[in-house]
Amino acid sequence: MPEYTLRCPPLDTTPRIARDFVNSVLRALGLDALVDDATLCTSELVTNSCIHAKGAGAVFTPHRRTRGRRVTVYDEDRTPPALREGYDGESGRGLWIVDALTDGRWGTELPAPRLGLDGSEGKGVWFELSAAATSEASTVATLGTHAQRCHGR
């Protein structure tokens, strides 16, 4: 099974590049049913990394799991993300979207492996999607305004 990894600097275009990367990898593996949810979750985690992490960039790695795929977004900030109590029109929805689409199958790795970006350790935020049970929530989930700005839309 090939390994896929993408390294990106913290630019406004990084979430779009990460979405395209995950989309291409999953389609190449014949996992088209996971594409919509995986690209949305990837977009949210990468956007959070672009906005909140103070590092040289991020690394995205989709891993094979028993019944689906795990995507991990690494950055150099060791502060783990947390679901906020509520959100406003500008921010706070990203992790709630990830939580809903993955049925709560997401988490944080600390410390993350050295990224090679500047040699420092950081964190990995991951989510898992099952090939057998994709979520219908992706059809009603919407990105926050902060995600749209970071995505370059």
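Student: I see that the model is predicted. What makes Arg27 and Asp32 a salt bridge?

Tutor: In this predicted model, the closest N and O atoms of Arg27 and Asp32 are 3.5 Å apart, and a salt bridge asks for a side-chain nitrogen of Lys or Arg within 4 Å of a carboxyl oxygen of Asp or Glu, so the pair qualifies. Side chains of opposite charge can pair when their charged atoms come close.

Student: Why is Arg27 called partly exposed, and what about Asp32?

Tutor: Buried means under 20% relative accessible area and exposed means over 50%, with partly exposed in between. Arg27 has 42% relative accessibility and therefore counts as partly exposed, and Asp32, with a relative accessible area of 44%, is partly exposed as well.

Student: How many salt bridges does a search of the whole structure find, and where do Glu128 and Arg70 lie?

Tutor: The search finds three salt bridges. One of them joins Glu128 to Arg70, with the closest N and O atoms 2.6 Å apart. This pair links distant parts of the chain, since Glu128 lies in strand 5 (residues 123–130) and Arg70 in strand 3 (residues 68–75), 58 residues apart. Glu128, at 17% relative accessibility, counts as buried, and Arg70, at 15%, counts as buried too.

Student: What makes Lys123 and Asp75 a tie between separate parts of the sequence?

Tutor: Their side chains meet in a salt bridge at 2.9 Å, N to O. Lys123 lies in strand 5 and Asp75 in strand 3, so the pair ties together parts that are 48 residues apart in sequence. Both Lys123 and Asp75 are buried.

Student: In what sense do strand 3 and strand 5 pair, and which residue stands opposite Trp126?

Tutor: Strand 3 and strand 5 pair in the antiparallel sense over eight bridges, and Thr72 stands opposite Trp126. Strand 4 (residues 106–109) also pairs with strand 5 in the antiparallel sense, over four bridges, and there Thr108 stands opposite Val125.

Student: How do you know that both faces of strand 5 are covered?

Tutor: In a regular strand the side chains alternate between the two faces of the sheet. In strand 5, Lys123, Val125, Phe127 and Leu129 on one side are buried, and so are Gly124, Trp126, Glu128 and Ser130 on the other.

Student: Turning to the helices, how do you know that the span of helix 1 agrees with its number of residues?

Tutor: Helix 1 (residues 14–28) has 15 residues, which at 1.5 Å a residue should span 21 Å, and its end C-alpha atoms are 21 Å apart, so the two values agree. Helix 2 (residues 35–52), with 18 residues, reaches 25 Å from its first C-alpha to its last, close to the 26 Å expected.

Student: Which residues of helix 1 are buried, and what puts them on the same side?

Tutor: The buried residues are Thr14, Pro15, Ala18, Arg19, Phe21, Val22, Val25 and Leu26. They cover an arc of only 165 degrees around the axis, which puts them on the same side of helix 1.

Methods:
Residues are numbered from 1 along each chain as its sequence is written. This is a predicted model: local features need pLDDT of at least 70, side-chain atom pairs count only at pLDDT 80 or more; totals for chains, interfaces and linings use all residues. Side-chain values use heavy atoms; hydrogens and water are left out. Helices (H or I, at least four residues) and strands (E, at least two) are DSSP runs, numbered from the N terminus. The expected span of a helix is 1.5 Å times one less than its number of residues. Buried means under 20% relative accessible area, exposed over 50%, partly exposed in between (1.4 Å probe, protein chains only). The arc is that of the directions from the helix axis to the C-beta atoms. Two strands pair if DSSP finds at least two bridges between them.
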